[in-house]
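Hi,

Here is the structure I promised to pass on. Have a look at it first, and my notes follow below.

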Amino acid sequence: MPRTTDFPDARRGDAATVLVSPWLVPAAALQRAAADSVLAEWEHRKRPDAMLALTTFLSTDGSHVLNYAQWTDDDAHREWARTVRPAAVGRIDAAITGIRRPGLTRYRRHRSHVPEGPGRRPAFLVTPAFATAGPDAQRALADTVVGTLDREPVPGLLGVHVHLSQDGARVLLYQEWAGASAWRESTGHGASARLRATIEALEGVSPTPAVCVAPTSAGPSTGEPPGVPEARGLPVAPDVPQYRLHASLLNIPAAAAGDSFP
């Protein structure tokens with residue numbers, strides 16, 4: 001399971017669950033060490049086949065590491081979290097002090113927008129998040145985002161993968177960009193601004209901080225404090241966090257990109 005410097009295949013059809021969890025670090029200088037520690041725990045130990053891939057991203061503001069994990073099912077992950085995770089986290093905390101974990105959110109990728117044309121390698125990740133009033137609001141947001149972008153693509157935006165939280169309370173827009181400059185140049189202008197205005201008009205949908213501070217650093221052994229992150233603490237990152245890829249681990253190759261979902 002060698003490390004790669006490729007973005008994960010967000011559209012792989014066998015990833016029935018996506019686990020997204022920020023690890024807050026006490027200093028920007030510890031970002032890479034924290035990300036490496038997560039990857040090392042998987043590299044050197046037996047991995048369940050249900051674990052497909054793990055990617056770590058470094059926030060550009062230096063505040064945290066974002067872990068993006070793809071699994072075939074939730075039960076397999078919960079069993080791993082119950083039996084293996086406590087010892088793995090303990091080893092990491094013994095080596096790097098001060099990491100805080102607000103908890104993971106369980107998502108399913110619902111729809112994607114990927115412009116036609118020659119494939120380009122993304123270099124920058126942006127993850128705006130929205131609070132939603134239930135599954136209907138989640139799907140309305142997903143349909144609005146994908147439909148609008150299909151009609152009017154945004155220059156430099158290489159892909160948007162809409163992730164719906166399993167509790168119906170949250171949507172994550174996993175946005176792959178050609179680079180930081182492409183994202184900055186689009187923000188607040190043209191098609192990007194029109195999409196934002198369309199989203200703001202939706203009922204039961206509101207922007208929400210993507211990364212928050214938990215009231216305490218300790219959580220259940222599963223790493224899943226109850227509720228969604230914004231209900232457990234205060235924003236720690238910008239409303240729209242930005243990331244650069246650190247590394248990915250591929251446990252099970254994808255059969256074919258985008259073979260099961262639109």
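Let me start in the sheet. Leu54 has Ala69 of β4 as its bridge partner. Strand β3 (residues 51-59) runs antiparallel to β4, and seven bridges join the two; strands count as paired here if DSSP finds at least two bridges between them. The strand and helix names are DSSP runs (helices H or I with at least four residues, strands E with at least two), numbered from the N terminus. β3 and β4 make a hairpin with four residues between them, and Gly62 in that turn has a positive phi of about 80°.

Before going further, a word on the source: this is a predicted model, so local features need pLDDT of at least 70 and side-chain atom pairs count only at pLDDT 80 or more, while totals for chains, interfaces and linings use all residues. Residues are numbered from 1 along each chain as its sequence is written, and side-chain values use heavy atoms, with hydrogens and water left out.

Back to β4, which also pairs with strand β2 (residues 17-24), antiparallel and over eight bridges. There, Thr17 sits opposite Trp71. Eight of the eight residues of β4 (residues 64-71) are buried, so the strand is largely enclosed by the rest of the structure. Buried means under 20% relative accessible area, with exposed over 50% and partly exposed in between (1.4 Å probe, protein chains only). Both faces are covered: His64, Leu66, Tyr68 and Gln70 are on one side, with Val65, Asn67, Ala69 and Trp71 on the other.

Now the helices. α4 (residues 135-151) has 17 residues and reaches 24 Å from first C-alpha to last, close to the expected 24 Å at 1.5 Å a residue; the expected span is 1.5 Å times one less than the number of residues. Its buried residues include Leu141, Val145 and Leu149. Among the elements covering the buried residues of α4 are β5 (105-113), β8 (157-165) and α6 (190-200). α1 (residues 31-43), with 13 residues, reaches 18 Å, close to the 18 Å expected, and Ala34, Val38 and Trp42 are among its buried residues.

Val154 lies in the loop between α4 and β8 and counts as buried because its relative accessibility is 8%. Ser186 is 32 residues away along the chain, yet the two C-alpha atoms are separated by 7.4 Å.

Cheers

Technical notes: Contact means heavy atoms within 4.5 Å.
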